[in-house]
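Could you walk me through this model, from its strands to its cores and loops? Let's take it step by step.

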Amino acid sequence: MTDRIERIRQEYAKERLEEPIPRTALDIPVSYEAITAEWLTAVLCADLPGVSVSDFQLGPPDSGTANRRRIHLSYAGDAAGLPRTVFCKASHDLNNRIILSNGGILSEVTFYNKVRSRLSIDAPVAVHATYDPTSYLSIIILRDMAGDVSFCDEATVIDFDKARSQMRLLGSLHAQFHESPLFDSELSEILTWQWRSRNMIRHHDLEACCANGFRAARDVIPESLFKR
């Protein structure tokens with residue numbers, strides 16, 4: 001893991017020097033600002049000859065575990081069926097790559113490329129998902145769900161019906177792949193949550209991170225809980 005992190009650092013530094021321009025679907029933009037209409041055409045319009053992305057605008061940046069951003073799109077040609085906006089998740093920053101190299105990028109890209117199409121559940125649909133296993137640079141382009149769904153947050157009340165719905169969705173997900181032979185073939189690279197958790201503790205000091213976060217949040221944690 002130490003060698004992997006050093007390799008990621010080297011690749012990141014190299015990208016900052018070279019500033020590669022993405023043009024084909026095999027390229028991965030090193031930043032949202034590096035994205036070109038040519039690259040968007042390659043990943044979004046490949047099945048529609050004569051159609052291209054003529055213009056695009058980046059939405060405001062939002063970074064957490066991933067670097068997130070919307071892209072608003074304009075097309076030349078008959079673009080029926082193509083999205084007018086997409087929601088992107090990427091690992092452009094160095095810290096994101098180091099954390100997500102622990103299995104997050106591999107798992108998410110594999111889900112969208114190999115698992116999502118096998119599920120009849122409410123979940124985002126990707127139009128493009130890829131990563132580089134050396135630099136851990138990645139990007140996932142999702143159909144924008146804004147306006148079609150509402151998202152829960154920490155203040156959302158989860159009543160019995162919502163909780164039951166969540167368990168049914170998880171049950172259908174796991175039942176679909178329970179003891180599936182796909183895990184010996186197409187899905188053999190899927191990582192278990194135990195593997196990822198152990199490595200987050202071993203290589204990223206997750207235990208100390210959680211303790212630090214808990215102490216930093218003392219003012220908003222009930223005293224009885226904090227004492228426990």
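Contact, as used here, means heavy atoms within 4.5 Å. The model is a predicted one, so to speak of local features takes a pLDDT of at least 70, side-chain atom pairs count only at pLDDT 80 or more, and totals for chains, interfaces and linings use all residues. Residues are numbered from 1 along each chain as its sequence is written, and side-chain values use heavy atoms, with hydrogens and water left out.

Let's start at Ser101, which is found in the loop between helix 3 and helix 4. Helices (H or I, at least four residues) and strands (E, at least two) are DSSP runs, numbered from the N terminus. Ser101 counts as buried at 3% relative accessibility; buried means under 20% relative accessible area, exposed over 50%, and partly exposed in between, with a 1.4 Å probe and protein chains only. Not counting residues up to four places away in sequence, Ser101 touches Met1, Arg4, Ile8 and Tyr136. Its side chain also reaches the backbone oxygen of Ile98 at 2.8 Å.

Another buried serine is Ser91, with a relative accessible area of 0%. Ser91 sits in the loop between strand 4 (85-90) and helix 3 (94-100). The side chains of Ser91 and Ser138 are joined by a polar contact of 2.7 Å. A polar contact is a pair of N or O atoms within 3.5 Å; within protein, one must be able to donate a hydrogen and the other to accept it, and residues adjacent in sequence count only if both atoms are side-chain atoms. Leaving aside neighbours within four places in sequence, Ser91 is in contact with residues including Asn67, Arg97, Ile105 and Tyr136.

Now step back into strand 4. Strand 4 pairs with strand 3 (residues 67-76) in the antiparallel sense over six bridges, and with strand 6 (138-143), also antiparallel, over five bridges. Two strands pair if DSSP finds at least two bridges between them. For landmarks, Ala90 in strand 4 is the bridge partner of Asn67, while Lys89 stands opposite Ile140 in strand 6. What makes up the covered face of strand 4, and what the uncovered one? Val86, Cys88 and Ala90 are covered, whereas Thr85, Phe87 and Lys89 are uncovered. In a regular strand the side chains alternate between the two faces of the sheet.

On to helix 4 (residues 104-115). Its buried residues include Gly104, Ile105, Val109 and Tyr112. The buried residues of helix 4 pack against helix 3, strand 5 (126-131), strand 6, helix 5 (160-177) and helix 6 (193-204).

Next, the nonpolar cores. A nonpolar core is a set of buried Ala, Val, Leu, Ile, Met, Phe, Trp, Tyr and Cys residues joined through side-chain atoms within 4.5 Å. The largest has 24 residues, and those with the most contacts inside it are Leu40, Leu44, Ile71, Leu73 and Tyr75. Helix 2 (37-44), strand 1 (52-58), strand 3, strand 4 and strand 6 each supply at least two residues of this core, and helix 2 gives the largest share, four residues. Leu44 touches Val53, Leu73, Tyr75, Leu82 and Val127, not counting residues up to four places away in sequence. Apart from this core lies another, of 13 residues, among them Leu100, Ile105, Val109 and Leu142.

How many aromatic pairs does a search of the whole structure find? It finds four. Rings of Phe, Tyr and Trp (its six-membered ring) pair if their centres lie within 6.5 Å; planes under 30 degrees apart count as stacked, over 60 as edge-to-face and the rest as tilted. Phe111 and Tyr112 form an edge-to-face pair, 5.1 Å centre to centre with 80 degrees between the planes. Phe111 is partly exposed at 21%, and Tyr112 is buried at 13%. Tyr131 and Tyr136 form a tilted pair, 6.0 Å centre to centre with 40 degrees between the planes. Here Tyr131 is partly exposed at 22%, and Tyr136 is buried at 10%.

The structure holds zero disulfides, a disulfide being a pair of cysteine sulfur atoms within 2.5 Å. The sulfur of Cys210 is 6.8 Å from the closest cysteine sulfur, in Cys209, so it is too far for a bond. Cys210 is partly exposed, with a relative accessible area of 48%, whereas Cys152 counts as exposed at 52%.
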